[in-house]
Amino acid sequence: MNCPQFGLLLPPVFAPLQFSRLSLLNRHSSISLSTNRILNTSRRLFPRAKASSLTTMENDQEIVGSLKHQLAKLFEESLRLTVPEESDVDPAIAPCQNPRFGDYQCNNAMGLWSKVKGKGTQFRGPQPIGQAIMNNLPASEMIDSCSIAGPGFVNVVLSRHWIAKSIRKMLVDGIETWAPKLPVKRAVVDFSSPNIAKEMHVGHLRSTIIGDTLARMLEYSNVEVLRRNHVGDWGTQFGMLIEYLFEKFPSGEVANDQAIGDLEAFYKASKQRFDSDPDFKERAQRAVVSLQAGDEKYRKAWSQICEISRKGYEKVYERLGVHLEEKGESFYNPYIPGALELLSQQGLIEESEGARVIFIEGKNIPLIVVKRDGGYNYASTDLAALWYRLNEEKAEWIIYVTDVGQREHFEMFFTAAKRAGWLPAEDDKYPKASHVGFGLVLGEDGKRFRTRSTETVKLVDLLDEAKSKCKAALIERGKDKEWTEEELDKTAEAVGYGAVKYADLKNNRTTNYTFSFDQMLNDKGNTAVYLLYAHARICSIIRRSGKDIEELKKTGTLDLVHPDERTLGLHLLQFAEIVEEACTNLFPNLLCEYLYNLSEDFTRFYTNCQVVGSAEETSRLLLCEATAVVMRKCFHLLGITPVYKI
């Protein structure tokens, strides 16, 4: 267990919880040290939050990797020449809605006209402003042609030679050169977060894979990501678990994980005893006190229960290919008194009906930070964790991935942090905190997804079933006769687990979605199976050519003559801005939509453009390889393992 840097005298588990913590502050030197460290650090770092805007941070960096950013740089120069008196105007660049008019457009003219009219300007409307913006564009190999549409929209057609050159450069230098540039260096992504002594069920699926994908996209964008598993490893429930453990194993020693058996059943059995047996309940309450007082016997029992739970979680994380660092409630517990003391000194915490609360404007109920019995809750832990992440871990962006039902809690919690000056008042300034809410997983009956016995579905069982169904489908197609057992097993894993992930991630995360093996394992339509097969087909085309693709990257040239070649090439180049948009808005489904559309563009290209044996074979093989490279990076960001043959 990690100890806080300033609380070395006692480990976190000894910190008092649930029983009038505030009255115990003077008796625990680790807590006093925690409080002093928080107060001193906060005075140093948080007189008020120093906000840095996205625009300021980006201007310090070279703009690369995104078509929109590269175009914005050109239009920024043009706007400076066109309206030098309006220095605060940012280029408004967007893809053209109708590709007949161009690839991108600059939409500044109308907004500028509303600013300059009546100020003695030389312009007589938005269209002349648009014309001037177009005329003042610096020369660039990016642009083939420009035109004016409507009230001053500047439409841009990109050069096909520049598109081809950019793709070939990526093939030589690597897909990492297309990574978007984000205005943060370090972020915390708080996701998965199961409760100790409970099995991970289908409800944990969304937080785990959405959080992992967001972390992967940020990491690709050269952000240092602290992947945090804020597990529920502390609280009054451990009294009943520990007491039940002692009943089953009087020595307090559990020989192995199997001795306890199903941890979920163990939890339910202890809860039943707690609810029905007054003597057991009293012993359980005393066990909490002993645990909080640091009794070695109780601490050891607590550690065993936590460790058995972790081993269960690791089975799920291993299947999903997800990596996290655990920092649970017990880790942040010693920081709570200091964080609350800091808020109290600022006059934010008030007494209300025996509890200590923070009143939030516009909310009917306050944010309770200390309960009537002196115990802490989610809000107090979250405030302490936020302080730690901002001050100790120096995070600029803290992202919480939980269900939409917790939206109000996070709204109130963030508002309290803004009032304290820990976070800036403006949402577009850093450091900032964001709540990534997601909807429910439903069964095909439209109700919350459960087993026939109305139990929640264990996540490890669901993933194993997905793999099993994929393996059966591959055997039915005779692949067991063509492949080794290892190849069959690995492919079933990649397709099965990938299908479960993609079926979730392709949806707008704020909505509910229906879990259906039949739909997600379909090899037609917008499914992982279809996309993995599409990637495997591209690899097969390259293999069938007999050409060394690595050698072609060095010596071959790329030319996008056919309209479908150009469409595919442009779509490839838009990868960076899609990742940036998905990161900025925290919606992984944007990347899924991009990937599916990419596969459709490739299918159209391959249908209309012969590859192997054509005069343009080298160029088109390079375009195939570029598509496969971008698809593989999409799969990686979504946590899906690509397959190379099917």
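Leu586 is buried, with a relative accessible area of 6%, where buried means under 20% relative accessible area, exposed over 50% and partly exposed in between, for a 1.4 Å probe and protein chains only. Leu586 lies in the loop between α24 (575-585) and α25 (589-608), and although Leu586 is not a glycine, its phi is positive, at about 60°. Helices (H or I, at least four residues) and strands (E, at least two) are DSSP runs, numbered from the N terminus.

The model is predicted, so local features need pLDDT of at least 70 and side-chain atom pairs count only at pLDDT 80 or more, while totals for chains, interfaces and linings use all residues. Residues are numbered from 1 along each chain as its sequence is written, and side-chain values use heavy atoms, with hydrogens and water left out.

Ser192 also has a positive phi, near 75°, in a residue other than glycine. Ser192 is placed in the loop between β6 (186-190) and α7 (203-220), and at 4% relative accessibility Ser192 counts as buried.

Four strands form an open sheet in the order β2-β3-β5-β4, with antiparallel pairing; two strands pair if DSSP finds at least two bridges between them. At the edges stand β2 (93-95) and β4 (143-149), each of which pairs on one side only. On average, neighbouring strands of this sheet are turned by 30° against each other, direction ignored; axes are lines fitted to C-alpha atoms, for helices over the stretch in contact, and angles run from 0 to 180 degrees between N-to-C directions.

β4 and strand β5 (residues 153-158) are joined in the antiparallel sense over six bridges, and Cys146 has Val156 in β5 as its bridge partner. Helix α3 (residues 67-82) packs on the sheet and touches β2, β3 (104-106), β4 and β5, contact meaning heavy atoms within 4.5 Å. The direction of α3 makes about 125° with that of β5.

Strand β10 (residues 355-358) pairs with β11 in the antiparallel sense over three bridges, and Val357 stands opposite Ile368 in β11.

## Aromatic pairs

The structure holds 25 aromatic pairs, counted when rings of Phe, Tyr and Trp (its six-membered ring) have centres within 6.5 Å; planes under 30 degrees apart count as stacked, over 60 as edge-to-face and the rest as tilted. One of them is the edge-to-face pair of Phe331 and Tyr388, with 5.1 Å centre to centre and 85° between the planes. Phe331 lies in helix α13 (residues 329-332) and Tyr388 in helix α15 (residues 378-391), so this pair ties together parts that are 57 residues apart in sequence. Phe331, at 5% relative accessibility, counts as buried, as does Tyr388 at 9%. Phe331 and Tyr388 also belong to one aromatic cluster with Tyr332, Tyr335 and Trp387.

Trp397 and Tyr430 form an edge-to-face pair, with 6.3 Å centre to centre and 80° between the planes. Since Trp397 lies in strand β12 (residues 397-403) and Tyr430 in strand β13 (residues 429-430), the pair ties together parts that are 33 residues apart in sequence. Trp397 counts as buried at 3% relative accessibility, and Tyr430 counts as buried at 5%. The peptide bond from Tyr430 to Pro431 is cis, with omega near 0°, and Pro431 has its place in the loop between β13 and β14 (432-438).

## The crossing of α10 and α11

The axes of helix α10 (residues 263-276) and helix α11 (residues 278-293) come within 6 Å and cross at roughly 110°. The two helices, α10 and α11, are therefore roughly perpendicular to each other, given that angles under 35 degrees count as roughly parallel, over 145 as roughly antiparallel, 65 to 115 as roughly perpendicular and the rest as oblique. Ser270, Arg273, Phe274 and Ser276 of α10 make the contact with Pro278, Phe280, Lys281, Arg283 and Ala284 of α11.
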